[in-house]
Amino acid sequence: MLPKFIVQWGWSSRGAGLATATSQYLMLMVGILLYCQTISFKQIQALIGELFDLSALKSAFMLNGEIIIRTFALISTMAMFSNLSSMLGTEILAANTILMQVVSLAAYFIDGLAFATESLAGIFQGSGNITSLKQLLQTSVVSSLVMGLMFATAFIFAPESLLRFLTNHTEIINNLRSYIPWLLPVLGFGSVAYALDGYFLGLTQGHTLRQAMLKATVIGFIPSAITAMYFHSSHLLWLSMSLFMATRTITLALCVPKSFCKRQ
């Protein structure tokens, strides 16, 4: 659908937006059809009363509010990284954008583990199974870390062949070589942060997620990013992103023991 709208019909960016929106609505329709096959109308009637539980609605809105702030801080950090990259020149902007695409690609895979962690964490929390909760977190963190480091290692040892999937400009690929090692700390810390994110989201601890993200942005990213601009250094900018991921990971990790104690 995307190539047809953009290439064959010549709709350019309008076609990309329309194709994306259409695919989202198609997924929604398929999801509704699949859901209707697993639940009866009587079950829906029985749950209608719970939809107007004011206490539950208040908790849901508070959690959503925390997640919105956390997401806004994350998007703002990524936007600042791109804007600061553009101030370092076109070649740096192109290189950093492609490398961030690698980070995003890895995040899609790691997020699958985070989503599973989120669901299972909620189940174990509800049943009071602390042992399984600890095992879940350990498995999730290790699996995510391995996956993140595998992505980073693959691009470090085979940059030419893998980067060809993202760009065919030799100059940009050559410029990327000196920045690829930054994938190790970014994806190393980032993969653990994604796992912990899913864990605390499953426990509905939105406050923890919000605070961790704000600290990562304000303490981890912004000071070092200002230093990167002062010295006009892309390597320092990648250090800023690494510190952002590290601060986020450490802040969430420090809250893990407390999350177990609350349920004992």
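How many aromatic pairs does the structure have? The count comes to 6 aromatic pairs. The model is a predicted one.

- Y199 and F200 form an edge-to-face pair, with 5.0 Å from centre to centre and 75° between the planes.
- Both residues of this pair, Y199 and F200, are buried.
- Y199 and F200 also belong to one aromatic cluster together with F260.
- The ring of F260 has the charged end of K134 sitting over it, 5.3 Å from the ring centre.

**The pair F221 and F244**

- A pair of aromatic rings is described by the distance of the centres and the angle of the planes.
- For F221 and F244 the centres are 6.5 Å apart and the planes are at 85°, an edge-to-face pair.
- F221 lies in helix 10 (residues 206-231) and F244 lies in helix 11 (residues 234-254), so the pair ties together parts that are 23 residues apart in sequence.
- F221 is buried, and F244 is buried as well.

**Packing of helix 10 and helix 11**

- Two packed helices are described by the angle between their axes and the distance between the axes.
- Helix 10 packs with helix 11 at an angle of about 160°, and their axes are 8 Å apart.
- Because of that angle, helix 10 is roughly antiparallel to helix 11.
- The crossing of helix 10 past helix 11 is right-handed.
- Sorted by class, the contact between helix 10 and helix 11 has 14 nonpolar, 8 polar and 2 charged residues.

Conventions. Residues numbered from 1 in each chain as written. Predicted model: local features only at pLDDT ≥ 70, side-chain atom pairs only at ≥ 80, totals over all residues. Heavy atoms only, no water. Phe/Tyr/Trp six-rings, centres within 6.5 Å; stacked < 30°, edge-to-face > 60°. Buried < 20%, exposed > 50% of the residue type's maximum accessible area, 1.4 Å probe, protein only. Helix = DSSP H or I, 4+ residues; strand = E, 2+ residues; numbered from the N terminus. Lys NZ or Arg CZ within 6 Å of the ring centre and 35° of its normal. Axes fitted to C-alpha atoms, helices over the stretch in contact; angles between N-to-C directions. Parallel < 35°, antiparallel > 145°, perpendicular 65-115°, else oblique. Left-handed = near helix turned anticlockwise from the far one by under 90°. Nonpolar A, V, L, I, M, F, W, Y, C, P; charged D, E, K, R; others polar.
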